[in-house]
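Student: I have a structure on my screen and some terms to sort out. Can we go through them together?

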Amino acid sequence: MSDARKASPVPLHQQLPLVFERSRPGRRASQPPTPAEFDAAAVLGAENLRKEAPRLPEVSELDLVRHYTQLAHRQMSIDANIYPLGSCTMKYNPKVNEEAAKLFQDLHPYQAPETVQGALELLYNLQHDLGAITGMDAVSLQPAAGAHGELAGILMIRAYHRSRGEGEQRRVVLVPDGAHGTNPATAAMAGYDVVEVPTGPDGEVDLEAFKARLNDRVAAVMLTNPNTLGLFERRILEIKEAAHAVGAQLYYDGANLNAIVGRVRPGDMGFDVVHLNLHKTFTTPHGGGGPGTGPVGVKAHLAKFLPAPIVERRQDGQFFLQSDIPQSIGRMRSFYGNFGNLVRAYTYIRALGLEGLREVSGYAVLNANYLRARFKELGFTVPFDRVNMHEFVAQPPTGLRTLDIAKAQLDYGMHPATVYFPLIVKEALMVEPTETESLEALDNYVDTLAEILERSVSDPDYLAGAPYNTPVRRLDEVRAARQPVLKYDFAGN
Amino acid sequence: MRYIPHTPADVERALAKIGAPSIDALFADLPEALRDPGIDLPQGMDEASLLEHLQELAAKNVASGPNFLGGGARRHFTPSVTAHLAMQSEFVTAYTPYQPEVAQGLLQATFEYQTIMAELTGLPVSNASMYDGASAVAEAVLLTIRQTGRDRVLVSRGVHPETRAVIATYLTALDAELEIVDLDPHTTRTPDVGDDVACFVAQQPNYLGYLEDMAGLTSAAHAGGALMVAAVDPLSLAVLAAPGEYGADIAAGDGQTLGNPVNFGGPAFGFMVVGESLIRQFPGRLVGETVDVDGKRAFVLTLQAREQHIRRSKAKSNICSNHQLTAVMAAINVSALGPQGLRDLALGSVANAHALAAALVAAGYAPEVGRRYFNEFVLPVKQDPALLRSALAAHGVHAGVAAPAEYGFGHAIVLSATESTRPADIAKLIAALNACGEGPGSAQGQEEAVAHV
């Protein structure tokens, strides 16, 4: 063990060594096939060989199991904790999806099409299902994440305007001030100037301000509906009319599709492009921040720009990868997308069927409205207080900081809401319980919050010091940024 | 199936608290004319029927049989312990570690991942992962354009065709110029790098399997003031010179070979590792070490001012989620293998690729083995690679990744071996090639092979 560890005032059992600190020369946790003996320098060229060996962990199999099991125990997750992060849709990830994914995991992407007909059929079916759910005419499953789907979508809109000779003229993308950060970042990455549209007093896009920013220089309008306040944009059809009247394309950020799935479709609302986050509405695991999956759907006039390849079916019933899309924006990534997650999402959609998906939005909205009512009883303010969709945004009782309340919740084994987003609400807590939480779980969440608020009154220092019982307590984030330590320092050993 | 816990009594209680008459009444804001459209989806299924449906689909695939497919994804040996540990519920069903006090598991695992990638590449700063190899290299190219203010990009033809395609997609919006540097025909010609060039991208081993003179190519890039992007297979770095050793500024690529299933192409993960001077332009999440209020070591997402959720339209990239779980799976796998195990996989692949080439030569074939190669090489063939691949599959062998016409070998395939390739597999491949009419002196074989498809 390192000297730093010995000198640490922290009890050993509370501090987990790095896998590198567990390492002892010569230990191994696995035995791959032994290679034939040969002279690597002669075969590969001495000049091509590395000079210094990489310092990689050397641990026994039990050491390895203990290490990663103990790490897992220092990690909150949906499977263990309520996790109502607004906008992130942390709902239960069914285990049958995992079993389904394993059935396909050994297929190589370059196998002969005759040997992957089942995989291609699944992709074909999923393209259909997602098109039907969103009301779009064509779907590409290639993008690897929501933001990646956004980039594909905006690049398709760019290609569309260019094909009409309006590429130079249309330089602007309109984005509401409450939008996810990926929206403006995507528009900028695609070479556009971003113009913000303010939110009106009812929590929806300010229609007059929106119209004032609309002109024939606008390439696209990016919207999330319901928006990041959890409110349905009731003037969506007027927004659509106005956008299309100046030749702008309407982009649907599918992050909140779970609020309306099975009930109303982006395509019917007039959206030209939609991306979906399969890890939100369609239960593929978040994996601690990915892999997500961000398929993109378009109306017929944009289908010729989809990223290649997409799966098509021949008259003889055989499925194949269609790469011959002459006006395609090109590839977004290698191969065909995050196939393993596409299997999981397909399994989920086929498990539920249409009626099941309609229940998803119904119960997600029921739970969110129940929780909003209970938050208000506790003294939280809901700035745009009306029937919300799958999530709502609240502010803590006067004088309390959202961050402190969030940290206090951690001690109770509960994950806080999304905090300080959207940026247009001060001290925002954005709460999304999802349909898979029971009312008891929601009640427990609220009762705990009540206890935290009571303790904050009886003990004024309590909140600022929380959390107390987590694996680590509040971190020095300034130090992390000012003196970045981004890898293990071997020299210290 | 449904995953909803509510009883009818729960629904009543919730509606009473809300003050709404029904669940459907909560959707009054939706445009009435658009509600409940006919959506063409099948009925839901019970679990047994669902699994039967998925198993039926899976049964239409063939994953078994000798496998000589590479081209950026390979089926390497992975110890059983890797998937068991990576697929623990706590890792699989967590979100991005925005509350670090309760996310030390994934944060520490990611810090360890960053260290492993830094060690393998010989460069100091790894991010927490990217989507895949192709998009990671494309993001690396964008980074060099931001860093240098130049707008011309040189890319070796030896870089995977799909990676080049993704670079082209990412560059369209910037109106930057993409120029391909040809091979000679196995390895990259030394380019003339002008002072308008942001970066030079070369792949090691290249798409055809041959070893590039990465030191020489790096010198050529630096001579013009351009940054060098090394697109690398991280498993090969157990043996081959690290990008940091030959002076590359950025190493990027696909991490699948470090212990992810091939998954029909995804998800695996992309990686990007850079020199210190590029940190401010670095896309993606970074985990850093710090301490908590008690002085305890802890890990946290850091330098977030580069990212979209803080900087919005001024961010370095729009990337939000990455491929955290599959990257952690790779870190676990590398830890399970250790330096010796990783070397065994790399050297075993080299040994078997060379044994494969020797067996082909002995059988009268003419693989392109005049240049040094790693675990893949080119085999010129008589028929169209796509047709040959199908014909070989009919004989139970997976082989025939195309070396496209742009490489100038006529009809040609790239063959790949791993540590798990057995002499019996090689014999089966050669027998299948012979049966498909590829054997030397097989006059009518070509027609037979085409007829077979």
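Predicted model: local features only at pLDDT ≥ 70, side-chain atom pairs only at ≥ 80, totals over all residues.

Student: How do you know that the size of chain A agrees with a compact globule?
Tutor: For 493 residues, a compact globule would have a radius near 23 Å. Chain A has 26 Å, which agrees. Its C-alpha trace spans about 75 × 70 × 45 Å along the principal axes.

Student: What makes a residue of chain A count as buried, and what percentage is buried?
Tutor: The cut-off is 20 or more other C-beta atoms within 10 Å of its own. In chain A, 58% of the 493 residues are buried.

Student: What makes two residues a contact, and how many residues do chains A and B put into theirs?
Tutor: Their C-beta atoms must lie within 7 Å. Chain A gives 170 residues and chain B gives 165. On the side of chain A, helix α11 (residues 339–377) supplies the largest share, 19 residues. By class, that side of chain A has 96 nonpolar, 43 polar and 31 charged residues.

Student: Which domains is chain A divided into?
Tutor: Domain 1 covers 3–73, domain 2 covers 95–351 and domain 3 covers 356–479.

Student: How do you know that domain 2 of chain A touches domain 3 of chain A?
Tutor: In chain A, 20 residues of domain 2 are in contact with 17 residues of domain 3. The domain 2 side has nine nonpolar, eight polar and three charged residues. The C-alpha centres of these two domains of chain A lie 30 Å apart.

Terms used:
Residues numbered from 1 in each chain as written. Chains lettered and ligands numbered in written order. Rg over C-alpha atoms; globule rule 2.2 N^0.38 Å. Buried ≥ 20, exposed ≤ 12 C-beta atoms within 10 Å, placed from the backbone. Helix = DSSP H or I, 4+ residues; strand = E, 2+ residues; numbered from the N terminus. Nonpolar A, V, L, I, M, F, W, Y, C, P; charged D, E, K, R; others polar. Domains from an automatic or database assignment.
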